[in-house]
Amino acid sequence: MSDRPFLQIQQISKSFALGKARIDAVRAVSMTIAEGETFGLVGESGSGKSTLGRLAIGLMKPDAGSVRASGVDLVTASPAKLREMRKSLQIVFQDAQSALNGRVSVASNIMEPLVIHNQGTPSERLRRIGGLLERVGLTAAHGPAMPDELSGGQLQRVMIARALALGPKLLVCDEILSALDLSVQAQVLSLLEDLRLTEHLAYLFISHNLSAVSYLSQVIGVMYLGELVEWAPTKSLLEKPGHPYTKALFDSILDVPESKAARKPLTILPGDIPSVIDRPKGCPFHTRCPLTMDICRTVPPQLVQVGEHHHAACHAIHAAG
Ligand SMILES: Nc1ncnc2c1ncn2[C@@H]1O[C@H](COP(=O)(O)OP(=O)(O)OP(=O)(O)O)[C@@H](O)[C@H]1O
Ligand code: SF4
Ligand SMILES: [Mg+2]
């Protein structure tokens with residue numbers, strides 16, 4: 001693994017209109033993903049993980065802040081530069097079935113990005129597709145098949161092959177295990193790790209499945225109501241979660257059988273998630289936190305370093321440190 005930063009996100013925010021109100025989906029998030037590193041992202045449903053994933057690869061522009069990939073600012077890049085950068089920045093979604101075009105073959109689906117980016121001659125593309133199918137554990141014989149002839153695990157492999165077609169440096173994986181059986185999940189995880197090691201691919205791996213996140217990630221970040229409230233190297237976060245939300249989230253996830261945790265959107269902490277329209281002042285978690293102090297109701301805690309490479313946004317931790 002390299003320590004060279006590939007993706008550098010600085011203070012990005014994104015809000016959406018909801019009727020006359022606005023939802024802060026992502027609020028002042030900063031993070032870095034090194035080349036060949038997996039950054040795991042966890043948090044309850046609606047905490048902003050998918051929005052952050054889209055912002056990270058320039059699929060969506062933030063309202064504020066910067067996103068740099070290989071030093072190029074995706075927010076201010078020209079459309080031509082952004083198009084070139086998109087080759088390095090790919091995303092795989094949960095629902096492979098609907099992400100693929102069901103009217104054309106598996107090979108045509110994988111070929112599409114090569115055609116869009118005008119890469120290679122027709123025969124070079126065909127060779128590349130054969131190589132990609134084998135790289136993800138399928139065979140050239142799967143190329144002519146139609147998507148509805150493949151299993152869920154095979155379809156997810158096709159999505160990964162398609163995402164790899166342009167030789168990306170970063171893959172955002174948004175809940176890609178959720179629809180798969182446990183044994184197939186394990187195969188996909190081992191494929192992702194193999195690709196990281198051999199192709200030096202970096203991932204933003206979004207999942208409700210904590211054991212999958214722990215297995216793959218060198219760093220894990222925790223989101224709550226659009227904010228990154230804690231991030232740390234995996235071992236440090238698992239052994240010493242600092243933020244009360246991280247602790248509660250980990251306890252909740254561990255309470256749920258793995259197969260259910262992988263399928264269910266997480267809304268399982270006690271107390272309701274505050275409305276995204278009427279977010280709490282001060283610490284966003286204070287309405288559910290067992291450690292709430294007076295300051296938590298008025299002053300937002302800053303995300304600061306609380307251990308080696310370990311960062312948390314919590315007044316109680318800051319007071320103890
Ligand atoms: N295109 C959009 N238009 C309006 N609101 C949106 C849009 N995308 C996301 N949101 C809102 O932004 C918030 C964050 O959504 P997001 O999908 O990023 O959460 P998430 O953490 O990925 O949730 P889940 O775990 O359920 O996938 C939610 O309140 C959601 O309703
Ligand atoms: S800042 Fe206060 S309310 Fe927020 S997590 Fe820490 S102790 Fe709880
Ligand atoms: Mg999501």
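**Close-up views of a predicted model**

**Figure 1. Surroundings of leucine 237.** Leaving out residues up to four places away in sequence, leucine 237 has contacts with Ile220 and Ala232. The model shown here and in the other views is predicted. Leucine 237 belongs to helix H9, which spans residues 234-239. Leucine 237 counts as buried because 27 C-beta neighbours lie inside 10 Å, the cut-off for a buried residue being 20 or more. Valine 219 is 18 residues away along the chain, with its C-alpha atom 8.4 Å from that of leucine 237.

**Figure 2. Leucine 225 in the loop between strands E9 and E10.** Strand E9 covers residues 219-224 and strand E10 covers residues 227-233, with leucine 225 in the loop between them. Most residues other than glycine have a negative phi. Leucine 225, which is not a glycine, has a positive phi of about 45°. Leucine 225 counts as buried because it has 25 C-beta neighbours inside 10 Å.

**Figure 3. Glutamate 175 in the loop between strand E7 and helix H7.** Strand E7 comprises residues 170-174, and glutamate 175 lies in the loop that runs between this strand and H7. The phi of glutamate 175 is positive, near 55°, in a residue other than glycine. Because 21 C-beta neighbours fall inside 10 Å, glutamate 175 counts as buried.

**Figure 4. Packing of helix H6 with helix H7.** Two packed helices are described by the angle between their axes and the distance between the axes. For H6 (residues 152-164) and H7 (residues 182-199), the angle is about 20° and the axes are 10 Å apart. H6 is therefore roughly parallel to H7, as angles under 35 degrees count as such. The crossing of H6 with H7 is right-handed. On the H6 side, the contact is made by Gly152, Gly153, Gln156 and Ile160. On the H7 side, Val184, Gln187, Val188 and Leu191 take part. Sorted by class, the contact of H6 with H7 consists of four nonpolar and four polar residues, with no charged residues.

**Figure 5. Buried residues of helix H4 and their cover.** Helix H4 runs over residues 106-116. Its buried residues are Val106, Ala107, Asn109, Ile110, Met111 and Leu114. An α-helix has 3.6 residues a turn, so residues three or four places apart point the same way. The cover over the buried residues of H4 includes helix H5 (122-135) and H6.

**Figure 6. Shell around ligand 1.** There are 13 residues around ligand 1, and those that come nearest are Phe16, Ala25, Ser45, Ser50 and Thr51. Strand E2 (21-34) and helix H1 (49-56) are the elements that give two or more residues to this shell. H1 gives the most, with three residues. By class, the shell around ligand 1 is made up of five nonpolar, seven polar and one charged residues.

**Figure 7. Shell around ligand 2.** The shell around ligand 2 has ten nonpolar and four polar residues, and no charged residues.

Conventions:
Residues are numbered from 1 along each chain as its sequence is written. Chains are lettered from A and ligands numbered from 1 in the order in which they are written. This is a predicted model: local features need pLDDT of at least 70, side-chain atom pairs count only at pLDDT 80 or more; totals for chains, interfaces and linings use all residues. Helices (H or I, at least four residues) and strands (E, at least two) are DSSP runs, numbered from the N terminus. A residue is buried if 20 or more other C-beta atoms lie within 10 Å of its own, exposed if 12 or fewer, and partly exposed in between; C-beta atoms are placed from the backbone. Two residues are in contact if their C-beta atoms, placed from the backbone, lie within 7 Å. A residue is near a molecule or strand if its C-beta atom, placed from the backbone, lies within 6 Å of it. Ala, Val, Leu, Ile, Met, Phe, Trp, Tyr, Cys and Pro count as nonpolar, Asp, Glu, Lys and Arg as charged, and the others, Gly among them, as polar. Axes are lines fitted to C-alpha atoms, for helices over the stretch in contact, and angles run from 0 to 180 degrees between N-to-C directions. Angles under 35 degrees count as roughly parallel, over 145 as roughly antiparallel, 65 to 115 as roughly perpendicular and the rest as oblique. A crossing is left-handed if the near helix is turned anticlockwise from the far one by less than a right angle, and right-handed if clockwise.
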